[in-house]
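Hello,

I am passing this structure on to you, and I have written up what I found in it. Please have a look at it before you read on.

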Amino acid sequence: MTTSTSTSQTMPGGFGGFGLNSLPISEERLTLLNRFKSERLGNIRPMSEFFDRSRISKPNGMGGRITNLWLVLTILFLLGGLNYIRKLPPNEPLVIFERSISQKQLYVGLFSVSIPLLWISSAGSTIFWIIGASATLVIGHAALLEPGVEGGFASNV
């Protein structure tokens with residue numbers, strides 16, 4: 001095995017500061033790698049051309065969705081109530097002011113209070129905003145994805 005030590009064939013950046021020449025590979029493999037780099041990787045456009053940051057901005061409504069205090073408090077109330085009810089013994093009712101309340105009644109009471117709170121805090125619009133943003137991302141990715149090479153090898157039988 002021979003290695004080349006010329007600096008003209010090193011990759012910019014390389015592997016941790018090392019170029020192709022510092023790897024113990026033969027001349028023909030090095031030639032093959034350099035040809036692959038120039039033919040295949042040479043056609044790749046720079047990220048600045050593909051991804052123009054000047055045309056991308058944060059949507060106006062995004063901050064309001066994330067920092068909706070009523071929604072955060074409602075979700076914390078709902079999760080705290082569910083956790084409290086879950087930790088109660090299943091066959092022992094909760095006694096409040098000499099009145100026993102079963103676990104099922106606690107769940108019904110929690111949800112009957114939480115649903116109006118979720119309505120007031122506009123949880124529905126937040127959920128639909130998340131679904132719409134996710135769908136846009138998935139559909140956009142699917143539209144830009146190139147088909148795999150497996151399709152070229154499929155036979156029409």
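Below are my notes, from the overall picture down to single residues.

First, some ground rules: this is a predicted model, in which local features need pLDDT of at least 70 and side-chain atom pairs count only at pLDDT 80 or more, while totals for chains, interfaces and linings use all residues. Residues are numbered from 1 along each chain as its sequence is written, and side-chain values use heavy atoms, with hydrogens and water left out.

On confidence, the mean pLDDT (the predictor's confidence in each residue, from 0 to 100) is 76, and 65% of the residues reach 70 or more.

Now the overall fold. The protein has seven helices and two strands, arranged along the sequence as α-α-α-α-β-β-α-α-α. These are DSSP runs numbered from the N terminus, with helices being H or I of at least four residues and strands E of at least two. Among contacts between residues at least 6 apart in sequence, 46% join residues at least 24 apart. Buried residues make up 13% of the 157 residues; buried means under 20% relative accessible area, exposed means over 50%, and partly exposed is in between (1.4 Å probe, protein chains only). The accessible surface comes to about 13400 Å², with 65% of it belonging to carbon and sulfur atoms. Those areas come from the Shrake-Rupley method with a 1.4 Å probe, and for residues only the protein chains shown count as cover.

The UniProt record, an unreviewed entry, annotates residues 67-85 and 106-131 as "transmembrane region". Its positions are given in the numbering used here, feature names are shortened, and such annotations may be inferred rather than shown by experiment. In the model, residues 106-131 are 92% helix and 0% strand, and the C-alpha atoms at the two ends are 31 Å apart.

What makes up the largest nonpolar core? It has six residues: Leu78, Ile85, Leu88, Leu94, Leu106 and Leu110. By nonpolar core I mean a set of buried Ala, Val, Leu, Ile, Met, Phe, Trp, Tyr and Cys residues joined through side-chain atoms within 4.5 Å. Helix H4 (69-87) and helix H5 (103-120) are the elements that give two or more residues to this core. Leu110 touches Phe77, Leu78, Gly81, Leu82 and Ile85, leaving out residues up to four places away in sequence.

Another place to look is around Ser121, in the loop between H5 and helix H6 (123-144). Is Ser121 buried or exposed? Ser121 counts as buried because its relative accessible area is 2%. Its side chain reaches the backbone oxygen of Leu118 at 3.2 Å. Leaving aside neighbours within four places in sequence, Ser121 is in contact with Asn68, Trp70, Leu71 and Thr74.

Two of the residues just named have their own stories. Thr74 sits in helix H4 and is buried, at 3% relative accessibility. Beyond four places in sequence, Thr74 touches Ser114, Leu117, Leu118 and Ser121. Leu118 belongs to helix H5 and is partly exposed, with a relative accessible area of 24%. With the same exclusion of residues up to four places away, Leu118 touches Leu71, Thr74 and Ala123. Leu118 and Leu73 are 45 residues apart in sequence, and their C-alpha atoms are 9.7 Å apart in space.

Finally, a word on backbone angles. Most residues other than glycine have a negative phi. Ser122, in the loop between H5 and H6, has a positive phi of about 55° although it is not a glycine; this residue is partly exposed, with a relative accessible area of 28%. Glu98 also has a positive phi, near 60°. Glu98 lies in the loop between strand S1 (94-96) and strand S2 (99-101) and is exposed, with a relative accessible area of 82%.

Best wishes

Conventions: Contact = heavy atoms within 4.5 Å. Polar contact = N/O pair within 3.5 Å; in protein donor to acceptor, adjacent residues only side chain to side chain.
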